Amino acid sequence: HSVSVDPITILTKLKDECATPTPLLQQVADAMCAQMRAGLAADGGSGLPMIPTYVHDLPTGNEKGLFYALDLGGTNFRVLRVQLGGKDERVVATEFEQVSIPQNLMFGTSEELFDFIALRLANFAAKEDGRFHFSPGRKREIGFTFSFPVKQTSIDSGILIKWTKGFAVSGTVSPIKDCKSSDLTRWEPPALSRPFLGKDVVACLNEAMIRQGLHMRVSALVNDTVGTLAGAEYYDNDVMVAVILGTGTNACYVEQINAIPKLQGYASSSGKMIISTEWGAFSNGLPLTEFDREMDAASINPGEQIFEKTISGMYLGEIVRRVLLKMAEVGGLFGKSVSQKLAIPFILRTPDICAMQQDNSGDLQAIRSLLYDKAGVESNLSERKTVLEVCDTIVKRGGNLAGAGVVGILQKMEEKSEGLIFGNRIVVAIDGGLYENYPQYRAYLKDSVKELLGTEKSNNVVIDHTKDGSGIGAALLAASNSMYK
Ligand code: ADP
């Protein structure tokens with residue numbers, strides 16, 4: 001490679017293309033709001049999926065008994081049990097286990113994946129201690145958190161629309177059933193995963209549990225945003241929006257039934273329903289670069305989940321790597337020869353760029369060793385400063401855009417509420433490894449919310465980190481939908 005473009009020139013262009021001035025963020029918020037409205041009007045149009053969850057009521061606090069939750073949504077799989085004691089005692093005891101999902105299962109068949117889950121659940125259920133009390137003769141009930149886009153027709157069934165976040169589990173011999181092909185036309189899944197689409201994920205789990213001889217029942221199917229909303233609202237009634245910022249991203253919120261034209265004729269006693277926006281699919285007006293486009297083209301779901309690819313944890317490190325690789329290839333960053341390692345996709349991960357941004361030493365020694373260990377490059381101080389600026393540029397764009405998305409949801413809620421949203425305290429519960437661990441990202445998200453809403457309105461908007469609320473939330477929803485109620 002010949003040195004033709006100075007890394008600083010590339011950096012300047014990158015900053016320019018990734019810039020998120022207030023008018024751009026406002027446009028993103030407005031577009032998010034408009035896409036939500038379009039998605040509520042009809043399926044298969046140009047709007048966001050806006051998936052009805054069939055959750056009408058959030059936990060009351062009166063839930064009692066032993067309930068299980070299991071959570072499949074990304075790099076990890078979690079099983080949890082909780083003993084609920086009602087209004088006074090609340091959560092009496094909880095216990096959980098976390099298992100990382102073997103890479104091969106992310107590309108295997110649905111039977112292999114669900115057998116793995118059922119087996120771990122069976123092992124876990126076999127270890128209940130004296131803090132947990134179960135009524136004999138009943139089946140243990142589970143809240144199943146499945147964090148991929150699912151088309152639900154009831155609280156305890158749903159068909160997978162598409163895999164995201166690097167999963168591509170294929171189907172088995174069973175043909176697509178119980179779903180109309182029109183449900184699937186909006187999303188073009190990768191060919192590999194197509195056979196699994198259209199299967200009821202609850203049925204898949206139930207069948208796997210039967211194969212494992214496990215007598216449990218799924219009472220609620222939710223995604224992690226809904227679990228997080230329910231879990232957070234259990235402790236604070238003002239929680240009305242939940243956002244996940246982890247490997248992937250999604251958001252849900254409490255919508256008025258009469259604002260959901262596509263559910264015309266459907267009634268719920270509360271007049272409300274939680275809607276899963278599937279905002280990862282959003283793509284309007286985002287400030288994207290050649291690096292985003294190339295990463296998207298190389299992904300297993302090109303053209304899809306563009307917002308997710310711009311703001312979530314799976315991708316931030318990879319975008320930075322692509323920028324650094326170009327700087328190395330055409331700008332001689334890190335010396336004359338280009339490190340082979342730096343050319344490996346996903347060799348730099350979001351936790352790495354996060355760690356680099358926490359380096360407060362004058363000569364950036366932590367960045368130096370991280371770059372050497374992960375990407376195999378030697379760096380001088382000025383190169384490390386450039387790296388830091390690249391990280392900051394990508395993370396600022398991500399955090400600011402996530403904040404604009406939150407404002408878009410609040411604007412949508414405000415439409416039907418006649419001043420109730422911005423006039424009152426409202427809590428946005430956010431969970432996920434990216435939000436939890438990346439202080440700069442959190443700050444950039446909050447900055448843009450404040451900037452877009454102004455001081456007065458934003459004082460009423462509480463952005464709260466809810467840690468692991470989704471498991472308890474799913475168990476609470478299993479309790480409120482218990483077959484023994
Ligand atoms: P998942 O979304 O996979 O269910 P998490 O919510 O725990 O699980 O999120 C994991 C993601 O969070 C990782 O893929 C990574 O992108 C991000 N993450 C984890 N640790 C850190 C960290 N220290 N700094 C920045 N991001 C992190």
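Mentor: Strand E9 (residues 239-245) pairs in the parallel sense with strand E12 (residues 426-431), over five bridges. Helices (H or I, at least four residues) and strands (E, at least two) are DSSP runs, numbered from the N terminus, and two strands pair if DSSP finds at least two bridges between them. The model is predicted: local features need pLDDT of at least 70, side-chain atom pairs count only at pLDDT 80 or more, and totals for chains, interfaces and linings use all residues. Residues are numbered from 1 along each chain as its sequence is written.

E9 and E10 run antiparallel and are joined by five bridges; the two form a hairpin with three residues between them.

Seven of the seven residues of E9 are buried, so the strand is largely enclosed by the rest of the structure. A residue is buried if 20 or more other C-beta atoms lie within 10 Å of its own, exposed if 12 or fewer, and partly exposed in between, with C-beta atoms placed from the backbone.

The next step out is the sheet. It is an open sheet of six strands in the order E1-E11-E10-E9-E12-E13, and its pairing is mixed. Strand E1 (51-52) and strand E13 (461-465) are the edge strands, each pairing on one side only. Strand E10 (residues 249-256) also pairs with strand E11 (residues 272-276), in the antiparallel sense and over five bridges. There, Cys252 has Ser276 in E11 as its bridge partner.

An unreviewed UniProt entry carries the annotation "domain: Hexokinase C-terminal" for residues 241-479. UniProt positions are given in the numbering used here, feature names are shortened, and annotations may be inferred rather than shown by experiment. In the model, the span of residues 241-479 is 55% helix and 12% strand, and its end C-alpha atoms lie 21 Å apart.

Gln305, in the loop between helix H8 (290-298) and helix H9 (306-311), has a positive phi of about 50 degrees although it is not a glycine. Gln305 counts as buried, with 26 C-beta neighbours inside 10 Å. Leu364, in the loop between helix H11 (350-357) and helix H12 (365-375), is likewise a residue other than glycine with a positive phi, near 55 degrees. Leu364 has 22 C-beta neighbours inside 10 Å and therefore counts as buried.

Last, the whole protein. Its secondary structure comes to 17 helices and 13 strands, and buried residues make up 50% of the 485 residues. Of the contacts with a separation of 6 or more, 75% are between residues 24 or more positions apart; two residues are in contact if their C-beta atoms, placed from the backbone, lie within 7 Å. The C-alpha atoms fill a box of roughly 75 × 50 × 45 Å, taken along the principal axes. A compact globule of 485 residues would have a radius of gyration near 23 Å, and the protein has 23 Å, which agrees. That radius is taken over C-alpha atoms, and the globule rule is 2.2 Å times the number of residues to the power 0.38.
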